[in-house]
Amino acid sequence: MPKNQLKKKFRLGEVIAEKVVTIVAFFSLAMITLIFVFVFRETLPIFFSGNAEVSSVPVQIEQQETYGDEGIQEVAMQSKTSSHDNEGIASFDNLTGTTWQPVSGTPKFGIVPLVLGSFKVSLIAVLFAVPIAILAALFTSSFAPKWAKELMKPAIEILAGIPSVVIGFFALIVLASLIQNIFGYQYRLNAFVGGVALSFAVIPIIYSITEDAISRVPRSLTEASLALGASKWETALYVVLPAATPGIFAAVLLGIGRAFGETMIVLMATGNAAMLTASLFEPVRTMSATIGAEMAEVVFGETHYNVLFLIGSILFLFTFVLNAIAELFVRQRMMKKFQGI
Amino acid sequence: MIKKKILNASVSSATALSAFFILAIVAVVMGNIIIEGSSTVTWEFLTGKPTEGMTQGGIFPAIFGTFLLVVIMSIIGVPIGTITAIYLTEYANQHSPFARLIRFAVNTLAGVPAIVFGLFGLGFFIQFVGSSMDKALLPAGELRWGQPNILWASLTMAILTLPVVIVSVEEALKSVPRELREASLALGATKFETIWKIVLPNSLAGMLTGGILAVSRGAGEVAPILFTGAAYFLPKLPNSLSDQFMELGYHIYIMSTQSPDVEATRGIQYATTLVLLVLTFALNFSAIFLRYRVRKNMAH
């Protein structure tokens, strides 16, 4: 067989294979672009249909949907007192208002309580998860006997593998009653319960990344510290932790991102009333839970529908920025730090 | 010296306590659901339909719907994820802008909140693709694809689980020793032949791991299907891609928050939760086992 022909035939197949593989690989990029485009596209009508249909519909307070049982009256009372002139449209004033009441004669799309609600629950979750996860990671890397290490690994994998709806269910049935019995407050489902439940989902993330960061700390550092006479805890606290700080920082950021975007746990455990309150033990409605609870019932193309997409866009942007910062931090700082040593 | 000892004891006990706390969370959550759920899980429960207005009977439609969801999802997601991983490890120049862009896209995709995938499924698949299909295929005004159904839910879930597949397959591909590839190439095989006949067969376990992990994730996520296809109750099993479906996770959510008598169906709720938990853990453990074998191969 002539050699040239053989070579040519094979190359054609190769080129096609490579092209096909490259095109399919393009899919992920296409999808993330489409997600950007289509989630934002549905929010556009809010900004481009500025004509206010001013009508004087009498204020009817319909019962707000809550997927917990409490806090309904409270919200209704609250919104009766505040008044807005824009009906049906999401003007800037309406959007930045403090009342979220999308289903009523005069719909109010104030997303402030939702944004603050998300921050509140995430903050509680992170305040719980960060110390526990970091200390536990330190335990496995510096103090734990071998059997404890062997036990922690599958435990974290199991915790990470529990579907969020299961954690939400557990929080709704068991945790809510348990915490209520301890503190004796009024509302069974509230920000605190949601935050604690959310921390169950955040702990595995922070733990894994922290442990990874700690294991990357060069052995020479810890050995030098021990050789100089520092004890185990001194080494852990003053050598290992500082050296692993960039990784831990990234872990915390990713944990916040996860807490912020998580839907099912907060939907089931926070009581879902859009109240503006500083109290930890009152119901709260987060951005993700609002989308999850209301999207199935809205009319496509209505203002309410578009506002829910706007909330989704905010969620998306926020987690996107957090993840980007976390990644930058891990890559660049870690590199710099350890290349110098 | 004494001060040091006290500090030492307190630091090490604080860390041990935290570790213990995590173990306790796992034990309590799992224990509670296993104990409360196991009494209701019977053969009839697994194979029966809900009856008496969802207060009695079984959850077979939800199990079937979950199964269908993850199967359609895998058919779409696993090949795409595998090929993307092949591109990233075998073809791409690691420093080329295109490869880095794709890696960035995969990382970003992994960080998008699940509920945003749901919004995307609604905005893109249902409102854009589905509505266009209806306009093109059906007489005016009729609605078939432009509404939530199992196809759109599965596609949404496939995109959500794509990074899981990509990362697992990549790890598997990297575990194939360089010598094998070089031997194959040296014997005159082309690049594609080497990938097809040497690299892929040697990383089969890893690809399987990726698929299983994706299925486990897909079976557990509820947020993306809340408004892209899941239904509270359906009298019939779905028999077309444009039908809605019942799903285990959604069933748990809806039964525990929105059924008329939440207390009366507590047993069903716990049992459904246990079924979902057993399903995801059976999947996860087989994935962990496979991954363990892959890593052992890598060490050789």
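This is a predicted model: local features need pLDDT of at least 70, side-chain atom pairs count only at pLDDT 80 or more; totals for chains, interfaces and linings use all residues.
Biologist: What does the C-alpha trace of chain B span along its principal axes?
Modeller: In chain B, 77% of the contacts with a separation of 6 or more are between residues 24 or more positions apart. Along the principal axes, the C-alpha trace of chain B spans about 80 × 70 × 35 Å.

Biologist: What distance separates the centres of domain 1 and domain 2 of chain A?
Modeller: Chain A is divided into domain 1, residues 3-41, and domain 2, residues 112-339. Taken over C-alpha atoms, the centres of the two domains of chain A are separated by 37 Å.

Biologist: Which helix of chain A gives the most residues to the side that touches chain B?
Modeller: The contact takes 71 residues from chain A and 70 residues from chain B. On the side of chain A that touches chain B, the residues divide into 51 nonpolar, 14 polar and six charged. With 19 residues, the element of chain A that gives the most to this side is helix H1, residues 3-41.

Biologist: Is the crossing of H5(A) and H8(A) left-handed or right-handed?
Modeller: Helix H5 (residues 112-143) of chain A packs against helix H8 (residues 191-215) of chain A at an angle of about 35 degrees, and their axes are 6 Å apart. The residues of the contact of H5(A) with H8(A) divide into 22 nonpolar, seven polar and two charged. The crossing of H5(A) and H8(A) is right-handed.

Biologist: Why does the largest nonpolar core lie between domain 1 and domain 2 of chain A?
Modeller: The largest nonpolar core has 190 residues, and A:Ala171 and A:Ile206 touch the most other members. H5(A) gives the most to this core, with 17 residues. The core lies between the domains because residues come to it from both domain 1 (3-41) and domain 2 (112-339) of chain A.

Biologist: Is A:Leu267 buried or exposed?
Modeller: A:Leu267 lies in helix H12 (residues 264-269) of chain A. Its C-alpha atom is 8.0 Å from that of A:Arg285, 18 residues away along the chain. A residue counts as buried if 20 or more other C-beta atoms lie within 10 Å of its own. A:Leu267 has 30 C-beta neighbours inside 10 Å, so it counts as buried.

Biologist: What is the phi of A:Asn272?
Modeller: A:Asn272 lies in the loop between H12 and helix H13 (287-294) of chain A. It is buried, with 31 other C-beta atoms within 10 Å. Most residues other than glycine have a negative phi. A:Asn272 is not a glycine, yet its phi is positive, at about 60 degrees.

Biologist: Which residues of chain A does B:Ala223 touch?
Modeller: B:Ala223 lies in the loop between helix H9 (204-220) and helix H10 (248-257) of chain B, and is buried, with 28 other C-beta atoms within 10 Å. Its C-alpha atom is 5.8 Å from that of B:Ala114, 109 residues apart in sequence. Leaving out residues up to four places away in sequence, B:Ala223 touches B:Ala114, B:Ile115 and B:Gly118, and from chain A, A:Thr263, A:Met264 and A:Gly292.

Biologist: Which residues of chain A is B:Gly249 in contact with?
Modeller: B:Gly249 is found in helix H10 of chain B. It is buried, with 30 other C-beta atoms within 10 Å. Apart from neighbours within four places in sequence, its contacts are B:Gly220, B:Val222 and B:Leu276, and from chain A, A:Pro163 and A:Val165.

Methods:
Residues are numbered from 1 along each chain as its sequence is written. Chains are lettered from A and ligands numbered from 1 in the order in which they are written. Domain bounds come from an automatic or database domain assignment. Two residues are in contact if their C-beta atoms, placed from the backbone, lie within 7 Å. Helices (H or I, at least four residues) and strands (E, at least two) are DSSP runs, numbered from the N terminus. Ala, Val, Leu, Ile, Met, Phe, Trp, Tyr, Cys and Pro count as nonpolar, Asp, Glu, Lys and Arg as charged, and the others, Gly among them, as polar. Axes are lines fitted to C-alpha atoms, for helices over the stretch in contact, and angles run from 0 to 180 degrees between N-to-C directions. A crossing is left-handed if the near helix is turned anticlockwise from the far one by less than a right angle, and right-handed if clockwise. A residue is buried if 20 or more other C-beta atoms lie within 10 Å of its own, exposed if 12 or fewer, and partly exposed in between; C-beta atoms are placed from the backbone. A nonpolar core is a set of buried Ala, Val, Leu, Ile, Met, Phe, Trp, Tyr and Cys residues joined through C-beta atoms within 7 Å.
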